[in-house]
Amino acid sequence: MLTVENIHKHYEGKPLLRGVSFEVGAGETVCLLGASGSGKSTLLRIIAGLEEAESGRVLWEGHDLRGVPVHERRFGLMFQDYALFPHRSVAQNVAFGLRMQNLPPAQIEQRVQEVLRRVNLNQFADRRVTDLSGGEQQRVALARALAPRPRLLMLDEPLGALDRALREELGQFLREVLHESGVPAIYVTHDQEEAFMIADRLILLHEGRVAQDGSPSRVVQQPASVWVARFLGLTNLLPGRVVNRQPLTVQTEIGVFCPVDCAEPPALNEAVTLLIRPGGLTGASADEQFNTFTAEVRDVIFRGEGYRLTLASGGHNLSFHVPQALPAGWQGRLAVQPEALWCLRQGEHNGDD
Amino acid sequence: MNFFSTAPAARRSPEGQPPASAIWQALALWLAPLAFLIIFFFVPLGSILSVSARGLITDGLSPAAAERLGRALGFTFYQAALSTLLTVLVGLPGAYVFARFDFPAKRLLRLLSTLPFILPTVVVAAAFNALIGPRGWFNLLAMEWLNLPAPPFNLLNSLAAILLAHVFYNTTIILRVVGSAWEQLDPRLEAAARVLGASPWRAFREVTLPLLRPSLLAAALLVFLFDFTSFGVILLLGGARYATLEVEIYIQALHLLNLPLAGLLSLVQLLCTLLLTVVYTRVASRLNIPLTPRLHGEGAAAPVSLRQKLLVGGVVLVLFTLLVLPLTALAARSVARLEPARGQRGGFESGLTLDYYRELFVNRRGSLFYVPPIEAARNSLLYAGLTVGISLALGLPAAAALSRRSPLNRLLDPLLMLPLGASAVTLGLGFILTFNRPPLEARSFPLLIPIAHSLVAFPFVVRTLTPVLNSIPLNLRQAAAVLGASPLRVWLEVDLPILARAALVAAIFSFTISLGEFGATSFLARPEYPTLPVAIFRFISQPGGLNYGQALAMSTLLLLVCGLGIALLERVRLPEERSL
């Protein structure tokens, strides 16, 4: 439905977006995930027509939207901090988009009621928006964006201004409303937990480009680059070299790992980065040749459901989730399961931001 | 000097109620300012009241007088409404451009727009005279190029001239008040309306305009108030046909010597301004619309589209023309000889000349009552210095008292601001009605002039000092005390340095107010002790190119001093003003 093609944009003389392309399908919720300042909000404003890209196209069902003014695009945008009209009541805010369509008052009234009921705010219709709490304001903003039945809904960090507990609750609520309404949505956030909760598909933005585009589970299991792995909190990254291609074997400073999974097989002797996912630690038997290393336990943190171990091995710090603790200071051999290994075709040095 | 001793208990006792001793302290601080206000403001006001009441009782209101009053009142409202409308029309696009765009001349233009705040009315009148008057640039250039025998444009002594000068003066108010409200307005609100399907015009009408309405209304009311009480501009640019209440008071009191009617006019004027002030205060108090906080510096951007560039360029051009052209015309005209010299027929002897400045040192008439104009400059500087002294000596204790939370404040604060409501002409009239016996005889006691100026400056001084005194956090003083500073040292090391800048700002304000004050001075100045504005008025209303040139030369000097004041103010700006 929506196609974004090769968008370029500078901000204050620096390149912000450097050729961003992606698509959003019918009924799909796509999360744009990236660090703050990565141009996510600007991308939304370009799609909405509030800003113009220097090059590239935005298409809706194959039609170029260039020259279509903001108010004729029929996209919904929920702003960060909501941008509710402070001089209008809750109901008047929600009715605004309907009035712009010149609908008859009775129909507007009915739709406002309907949407307010959906966001559990029907008791608040006549309140001033400035008297509402952050969570209530967020729901008014959602109702206002949904009321005119937009063809596409964009949400700019909708949970950013709320505290932790509310985020969990309202995130769940947003997910329900989005799926139920069936409207395709682009959801912008810098918080990966939030993105995992909401998204059918994740698009990671880094240095003005799409770093990875895929389902949440795929992105976590098979990050496309060292940056993606780090951004998702996967920190067990070791520089290595390919010593055998079939099965793929990677030699690192702490040991040799085999077989290693990879998106596309690297060349022999290629410098790569080995990712060890934090769930794959086991004990080692003495005769194992691959996938073992010696380490010392630096730190043990109780995490409710198990422990987090911080290990030191060959000058690297590795961290794992384990069901049972080892004492701090323990030294010995440990092993990782082959399923926990992932090879990134990129040396550690050029993957750093 | 114990105004600023800051025993914490005097600030706020635990129950939130100040102890009795604090009230006595506040009262002591109030003593001098209050006595000053009573003697020099309320007593003269009482004189006006009694003179006009006596006149009404003994003679009644003659039909002719009633007609004059009605006509003056009507014209005052009419010209003020028209001026306000024009000012809003010029100022609103400017406010938008200032709030939403970054452009190269922004800083300079903002600085220039502070000029009208401080420029004396006679200077502005002289500047417009130098531009559009019969001897002004427009007419002289047209005569030269088209070879005409007489000035082709008759722009002076017209309503247009009055309106133009009022727009020059008050556009700044719209720029500041509406512009800063617009800057505070989250641009995303308008964007939200656009995304929801509103066209640009509809988004402006339904979202931006309603949110700006309180500030627009407040600014327009303030402009109306200033236009309503305008005196020098009307007297110098409007001529005899256009008499507002202020001008009518002046004519009745000084030319026709009809003091009861002048008093009555003053009362009507005072009533109107008080009413306007009350409405303004009401509106201004509702100015703060709660808005969701927004990210900083997000609103302004460089103009991108051709339409935006044209708009910004147009606004910059109009504002530059409005603010700079008259002042440049004044300065240039004061050093240009563009007409036949004295006694010379035909043949333009045009060129640069410093004659008008040289003539300032000469008493052409050789009359006892006419002094070399440069004496007027000396008088003005002397009065201005005295005004700074008096207004600060009274303003400091008043501000110190106001910054303490005392129940007296609610009563005394509005009292303090009352002189703002009374026009300078009313003040002058009150003075000559009250102080008509030695030793306080208006015309022989020259100190009355700086006293009148101090009354005008006093509210500004207090308004400048109080917020700064309030802003010094108590714990700053406590920290100094804990570190071992005695109360005197605390005052010297904490309060004084912070207050010094505010006091300097207040001093510059009262200095320039005094330099430019024309309304009250025109009543009080003796012919042989004129101030600069009075001398400019005297010279500009007399025939002859030399008199005209001298008036412009004096106006230019005054302009330079005020410009210097602005530059100084810019250097010592108070921290909370920095954002403007």
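**Salt bridges in the predicted model**

Let's start with the count: 23 salt bridges over all chains. Keep in mind that this is a predicted model.

Pair one. Glu28(A) bridges to Arg201(A), with the closest N and O atoms 2.7 Å apart. This pair links distant parts of the chain, 173 residues apart. Glu28(A) sits in the loop between strands S2 (14–24) and S3 (29–33), while Arg201(A) is in strand S9, residues 201–206.

Pair two. Arg118(A) meets Glu180(A), and the closest N and O atoms are again 2.7 Å apart. Here the link runs from helix H3 (residues 105–118), which holds Arg118(A), to helix H5 (residues 164–181), which holds Glu180(A). The two residues are 62 residues apart. Arg118(A) is partly exposed, at 25%. Glu180(A) is exposed, because its 54% relative accessibility is over the 50% cut-off.

Arg345(A) forms a salt bridge with Glu270(A), closest N and O atoms 3.1 Å apart. Where do they lie? Arg345(A) is in the segment after strand S21 (341–344). Glu270(A) is in the loop between strands S14 (261–262) and S15 (271–276). So the pair ties together parts that are 75 residues apart in sequence. Arg345(A) is partly exposed, at 39%. Glu270(A) comes in at 19%, so it counts as buried, the cut-off being under 20%.

Last item, the network. Which residues does it link? Arg88(A) and Arg99(A), together with Arg202(B) and Glu206(B), are joined by salt bridges.

Key. Residues numbered from 1 in each chain as written. Chains lettered and ligands numbered in written order. Predicted model: local features only at pLDDT ≥ 70, side-chain atom pairs only at ≥ 80, totals over all residues. Heavy atoms only, no water. Salt bridge = Lys/Arg side-chain N within 4 Å of Asp/Glu carboxyl O. Helix = DSSP H or I, 4+ residues; strand = E, 2+ residues; numbered from the N terminus. Buried < 20%, exposed > 50% of the residue type's maximum accessible area, 1.4 Å probe, protein only.
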